[in-house]
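Look at the sequence and the structure below.

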Amino acid sequence: MIRKYTIDQDTILSVRNLTIEFHNQEGKITAVNNISFDLKRGQTLGIVGESGSGKSVTSMSLLQLIQSPPGKITSGEIIFNSRKFGIVDILQLSPKQMRAIRGGEISMIFQDPMSSLNPVYTCGNQVMETILHHENISRKEARKRTIELFEKVKINEPERIFSSYPHKISGGQKQRVMIAMALSCKPSILLADEPTTALDVTVQATILELLQEFRDDKDTSIIFITHDLGVVAEIAEEIMVMFRGDVVESGSVWDIFSKPTHPYTNGLLACRPRLDIKLETLPVITDFLHINSDGSIPTVVNARFKSVGEAIMKNYQSELDLREQFEELEKKEPILKVKNLCTFFPEKTDWLGRPVEFKKAVNDISFEVYPGETLGLVGESGCGKTTLGRSLLRLIEPTSGEIVFENKNLLELNSKQLGAIRKDMQIVFQDPYSSLNPRKGIGDAIIEPMKVHKVYDTEKEMNERAIELLEMVNLSGAHFNRYPHEFSGGQRQRICIARTLALQPKFLICDESVSALDVSVQAQVLNLLNNLKNKLNLTLIFISHDLAVVKFIADRILVMNKGRKEELNFAEDIYKDPQSEYTKKLINAIPRGDLDDIRKAIIKRKMIKKAKQEERKLSA
Amino acid sequence: MLKFVAKRFGYGFLVILGVVHVVFFLFHALPGDPVALLAGQRADPETRANIRKELGLDQPLNQQLVHYLNDLSPISIHKDNSYVKDKYNFVSFFSIGGNYILALKTPYLRRSFQSNKRVDILILENLEGTIWLAIAAMLFATFFGILFGLIAALRQNSFLDHFFVTSSVMGISAPSFVSAILISMLFGYYLSDYTGLNLTGSLWVNDPLYGRQLHLKNIILPAITLGIRPLAIITQLTRSSMLEILQQDYIRTAKAKGLNRFVIIGKHALKNALNPVITAVSGWLASLMAGAFFIEYIFNWKGLGLKTLKAVELLDFPVVMGSTLVVAGIFVVINIFVDILYAAIDPRVRLG
């Protein structure tokens with residue numbers, strides 16, 4: 001049975017009434033609920049939503065990559081204008097036809113370049129494989145094409161990368177290899193599923209630029225999937241906002257950013273920390289809309305905020321106030337003094353195993369932290385910020401220097417004294433999934449540090465304290481006997497925070513503690529940390545690669561680069577008047593998603609299109 | 001790379017030195033007197049004393065150990081006379097005073113207390129059977145283990161999958177002497193008309209007419225019996241590691257490239273899934289080399305395991321020590337070889 005489908009000449013892909021369900025023991029979940037959209041040639045469509053919104057599932061369905069079971073496409077059509085097969089419904093294609101389309105006409109870039117490349121084959125081999133599979137050319141030609149592609153995606157030393165294994169090259173380079181692989185057969189549609197989320201901001205900026213160039217050059221359509229509205233602002237023309245399987249709002253990028261209508265879109269726009277304005281508390285999604293327990297959104301909205309502007313106005317903190325607050329802090333005696341701290345790792349050893357070359361992860365860093373302050377620690381991956389954080393607690397042994405906490409030099413303490421100090425200094429780690437023991441109830445997890453340090457005598461006191469802590473981080477005492485897998489990422493991170501607070505520390509190090517979370521959940525955890533800091537009189541070191549997040553939470557910011565201190569200054573000054581080149585680069589690379597930038601991007605794209613048309617006229 | 005291999009050989013040397021010490025003291029902690037076993041119950045004290053002196057057992061323990069190590073070491077100190085030279089077959093380096101010289105030789109494993117045969121020759125005679133048996137068993141187990149594991153993983157939760165998982169659990173838990181007896185009875189006796197196999201037999205059979213002859217079919221039953229447990233473990237390992245690898249992101253990438261199932265599994269998944277399997281194979285190979293006593297005994301297979309156990313019963317120290325050292329040496333060499341193999345299969349393993 002062959003059905004004829006009709007589609008606009010301009011349109012490359014048309015999704016109609018697509019519904020995807022997942023079945024598991026607990027029943028069925030509708031991951032994508034009756035959505036429809038069109039994609040034009042050369043157009044970039046941004047699909048925005050949080051985890052669980054169905055955005056990735058939608059993109060996977062375009063390549064029939066959904067695992068079945070548990071996934072099942074229950075209704076809908078995906079009409080695609082194929083070079084090879086004409087206008088077809090992707091869902092009706094045979095497996096063989098589908099394999100011709102995958103990688104050939106529709107290709108995909110995945111979120112995590114670290115795990116998306118096969119570790120046992122060289123990068124070149126993996127790109128060549130795609131070309132050899134889809135086109136009938138010799139290995140030699142395929143190799144040449146691959147090197148050319150590597151040059152196009154701006155890989156330095158393409159020959160070397162060609163014969164390198166994935167673990168030998170950086171994350172940014174890996175993502176370039178993935179892009180080269182995706183573009184190798186000149187696809188009509190490129191699906192980019194969070195292609196920059198795992199990368200540093202400066203690398204993200206170059207990757208986004210690269211994708212734009214390709215789109216304008218080859219007339220490729222892009223579907224760009226992300227949870228971060230800021231990232232799509234400059235690259236997309238159309239935006240579709242998804243929430244729990246539904247498309248809640250779609251329109252041109254200008255409309256979405258200038259006059260968002262749906263409260264969820266408003267919430268998403270508002271909850272991302274901003275660089276330009278400091279807010280007292282970050283707005284969260286629930287400030288904009290109420291969500292029923294069954295997941296539906298009631299039509300009558302009785303929300304705290306109605307628009308992004310309102311959320312900002314009611315929350316604004318003036319720079320003068322901030323400066324006064326900080327000057328107040330600065331008058332106190334520092335709680336922590338770090339002098340010339342160095343942490344080196346041996347990189348090469350001689351034949352006796354003595355180190356001869358070092359990796360200088362932390363190189364001669366000095367700073368002071370005042371009580372009640374939040375010091376932000378920013379830098380790109382590999383700059384040594386995590387090593388510095390762990391060196392402060394001697395979780396990694398520093399090579400030299402001084403760490404004076406409340407007049408005690410930590411480097412001179414023996415392990416017993418250090419144990420006692422750790423009661424006052426605690427750390428919250430990055431990944432809330434792996435830092436909780438899956439076999440331990442969360443109540444026990446919180447009680448454990450109390451047992452180790454013997455702060456309470458009876459079981460009953462400890463249990464009461466644990467419940468108190470759970471309530472402090474906005475969870476309920478009824479959760480005491482549950483296990484980590486029953487909680488979401490944001491909830492787990494709150495459990496981790498509760499555990500660190502069990503010993504009533506004075507000093508808390510947060511190591512990328514919100515990086516693994518969705519923007520809206522991130523906002524909740526950041527607000528929680530701020531509240532707890534004020535309530536419990538904590539001093540915080542907040543480590544993150546995200547300058548916007550750090551700027552929201554920190555009083556002062558220390559910028560690190562390659563193990564060294566670039567600059568340390570009052571947060572507002574770092575943003576408004578950065579001293580080092582590196583800081584400037586870092587700030588410029590952050591996608592802001594403000595209207596000015598969007599306007600510029602739209603104008604630029606129009607100019608390019610016009611130039612292309614002129615060119616075609618001339619050549620005709 | 002060279003540095004890595006040299007380092008591993010260095011560690012291996014220390015392992016073997018440790019083995020010598022442990023076996024030496026354990027052996028001397030055993031109750032019983034090898035001289036009594038050798039000379040018989042009714043030998044008079046003088047004869048016993050003579051034998052004891054001849055075997056060097058009258059010296060204090062520490063001296064005995066030093067002498068043994070000296071015999072073992074390729075570079076050693078010996079008296080310079082023709083009798084000693086004949087015994088050790090050394091090449092002299094230079095004299096170090098008195099009539100002692102520093103000499104170079106192949107390690108000397110002494111002679112058996114019982115048969116007075118040279119231990120190295122004794123071991124070589126028996127080692128061959130063990131090695132062929134171990135290799136045959138491992139080839140059988142590896143080939144079918146990976147095959148069954150793959151099928152089970154690719155048909156997860158099917159009848160075949162359940163069948164392989166259940167039977168591999170049985171294979172792991174069945175004691176080798178039980179399976180050995182069952183298999184030899186069934187295929188070597190009741191069904192021998194159809195299979196043409198014998199109940200027992202060695203690789204080489206001394207035929208009165210044609211002399212020493214190779215009987216390759218005799219290896220089939222003991223090899224299968226010996227291979228059952230590794231087969232079961234390799235099946236399970238391949239299955240679980242394959243299931244894990246198939247969930248990896250790079251398998252999704254391979255699918256998104258448009259590759260077919262065959263390439264995805266054969267090229268992208270299998271190479272990654274085989275790492276734990278190699279660990280298991282190498283470990284098993286090394287321990288099978290140490291001899292499989294029950295199986296060698298039941299199938300009457302001439303091998304090292306049988307020989308060693310008999311030597312322990314007879315308190316034949318040089319044979320026990322010699323075969324233990326050879327087995328330890330095989331362990332060390334196989335492990336070094338496996339480490340190099342890892343690096344060849346998985347480039348993330350850095351040698352250094």
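How many residues of chain B are in contact with chain A? In this predicted model, 21 residues of chain B touch 28 residues of chain A, where contact means heavy atoms within 4.5 Å. The model is predicted, so local features need pLDDT of at least 70 and side-chain atom pairs count only at pLDDT 80 or more, while totals for chains, interfaces and linings use all residues. Residues are numbered from 1 along each chain as its sequence is written, chains are lettered from A and ligands numbered from 1 in the order in which they are written, and side-chain values use heavy atoms, with hydrogens and water left out.

Together the two chains bury about 2300 Å², with 55% of it on carbon and sulfur atoms; buried area is the accessible area (1.4 Å probe) that two parts lose on being put together, summed over both. Of the area that chain B buries against chain A, 25% comes from Arg252(B), Lys257(B) and Pro347(B), more than from any other three residues.

Two salt bridges are counted between chain B and chain A. A salt bridge is a side-chain nitrogen of Lys or Arg within 4 Å of a carboxyl oxygen of Asp or Glu. Lys257(B) forms one with Glu129(A), and their closest N and O atoms are 2.7 Å apart.

Now turn to chain A. Ser170(A) lies in the loop between α6 (158–162) and α7 (171–183); helices are DSSP runs (H or I, at least four residues), numbered from the N terminus. Ser170(A) counts as partly exposed because its relative accessibility is 40%, and that class lies between buried (under 20%) and exposed (over 50%), with a 1.4 Å probe and protein chains only.

Note on methods. Helices (H or I, at least four residues) and strands (E, at least two) are DSSP runs, numbered from the N terminus.
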